[in-house]
Amino acid sequence: MSALARALRPFALVALGLAGWELLSRSGLTSPLLVPSLGRIGWELGRLATRLDSLAEVWQSLHRALVGFALAAVVGIAIGILMGRSRVAAAVFDPLLAGTYPVPKIALFPIFVFVFGIGSLSKIALVFLECLYPIVVTTYAGSRVVNRVLVWSALNMGASPARVLWRIVVPATAPYIFAGFRIALPVAMIVVIITEMLSSADGLGYLAMYSLASLKTDRMLAVAVAIALLGLGLDRVLVLVRDRVVFWERLDSYYA
Amino acid sequence: MGSWRSSKTVPLLLLAGAVVLWEIATLGPRADFVLPPTEIARDVVGAVASGELLPHVTASLTRALPGFALGSFAGIVLGLVAGVVTGFAETVSPVVFLTYPVPKVVFLPLFMLWFGIGDVSKILVIALACFYPCFINAYYGARATPRLLVWSALNMGAGRLTVFRKVVLPCALPLVFAGLRVSLALSFILLFSTEMINARSGLGFLIRQAESNLRFDLMYVSIVAVAALGYASDRLLLLARRRALAWQEAGSA
């Protein structure tokens, strides 16, 4: 196979899908309401990216996802490292986590709405809760397997426990923490979009449902593409940050 | 100190303490949406006994299970094939990895438009979400098959299909189950979200209805049912996994 064909191969399926879509939309077999042309979707996407009011919706969703994620990161890393370094903490939290992990936290959303109100706070709280689990679990797994010899050597050379934590445990756990981040970040986006679809007057999830209700399929698809690009972009940024922070370990499989 | 980690008494005591505290806290003046645990327990028993809960549970399961089965089956099959056939992997896996961080709920409005607001659109969204973890895990599982085993099997005269069935599949199985577990959790999240967004039955619908009618008893009943369902299905999967992977050393899970 030629080099060109090999390089183009990953894009073949995407191109095929897009071509099929455009063909279907132009064939006249389907209503443009069901399958709008790529041009219409692109035009709506451009509108979404250039108008201030729609950018405000993007920001609203992004801000909810990121605040919830950041809170979960801080609390999750703390709990995870505590569990990894203390038997008592592990004995308390481990069964608690294992028992509540498979329970869909989204079911708590109605209660969160009553407690935190219908605005951003209830959504951020749910994002926090859903993101907490993967971050705690991976941090715990990582901080448990820190090389003991390193810890002993540092203690022996007179490092304080705080210094050992900061200079040895945290760096050794960092690759695991980032693995948890990569699971949690898409979850944050999912939860934000779902909660905005459920009850909101702003954000991309709301915009998607509103466009559907107004039979603006092209706009709805543009919002869907925007959400997809946002999820993809956040993941890419995270991988970039990871490669800079944890520069000593290569990312060779998708998860690690 | 081994008893510390394995013992379940400490967390159980903590849990019991939290429930008792909750009960005591609700003795005084309380907000409408906070129910004491004893009352929730009574409501759950009442809803089960009156048959109010059962139709919603069955409605939810008839959406979640086909979606989960469809999505994870497709994911496992395509993932295993991609792990074995390089050309197929080069075509398919970039698309899968690229779209993996995309929240699949965004397809719900589109599917609602194409397939109606009935069960089909919900099942398809659940299937789509379940596809990804299964594909990725099956792909890596199949790729991680030790070459030595494949070569030995080929050398001893096994055909390509036999190698796939007897060598690649068992090697990939632990990761396949890991993928299934993630997919199962995802299927429940999406089930309740899609039912909360639009449905006329199911536990997600029950929660929404209870919420808007301020029937807090019913709200807690549905939350307990959701939690129990999620927990029970996860346990069932772990049980199946233990049976299927009986040859693996214990503890490596």
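Visitor: How do you know the angle at which helix α2 (residues 38–50) of chain A and helix α10 (residues 217–245) of chain A pack?
Guide: In this predicted model, the two axes lie 8 Å apart at an angle of about 65°. Axes are lines fitted to C-alpha atoms over the stretch in contact, and angles run from 0 to 180 degrees between N-to-C directions. Helices are DSSP runs (H or I, at least four residues), numbered from the N terminus.

Visitor: Is the crossing of α2(A) and α10(A) left-handed or right-handed?
Guide: α2(A) passes α10(A) in a right-handed crossing, the term for a near helix turned clockwise from the far one by less than a right angle.

Visitor: Which residues of α2(A) meet α10(A)?
Guide: Among them are Ile41(A), Leu45(A) and Leu48(A), and the partners in α10(A) include Leu221(A) and Val225(A). Contact means heavy atoms within 4.5 Å.

Visitor: How many salt bridges link chain B and chain A?
Guide: The count is zero; a salt bridge needs a side-chain nitrogen of Lys or Arg within 4 Å of a carboxyl oxygen of Asp or Glu, so no pair between these chains is counted under that rule.

Visitor: What are the ground rules?
Guide: Residues are numbered from 1 along each chain as its sequence is written, and chains are lettered from A in the order in which they are written. Local features need pLDDT of at least 70, side-chain atom pairs count only at pLDDT 80 or more, totals for chains, interfaces and linings use all residues, and side-chain values use heavy atoms, with hydrogens and water left out.

Visitor: How many residues does each chain give to the contact?
Guide: Chain B gives 49 residues and chain A gives 52 residues.

Technical notes: Helix = DSSP H or I, 4+ residues; strand = E, 2+ residues; numbered from the N terminus.
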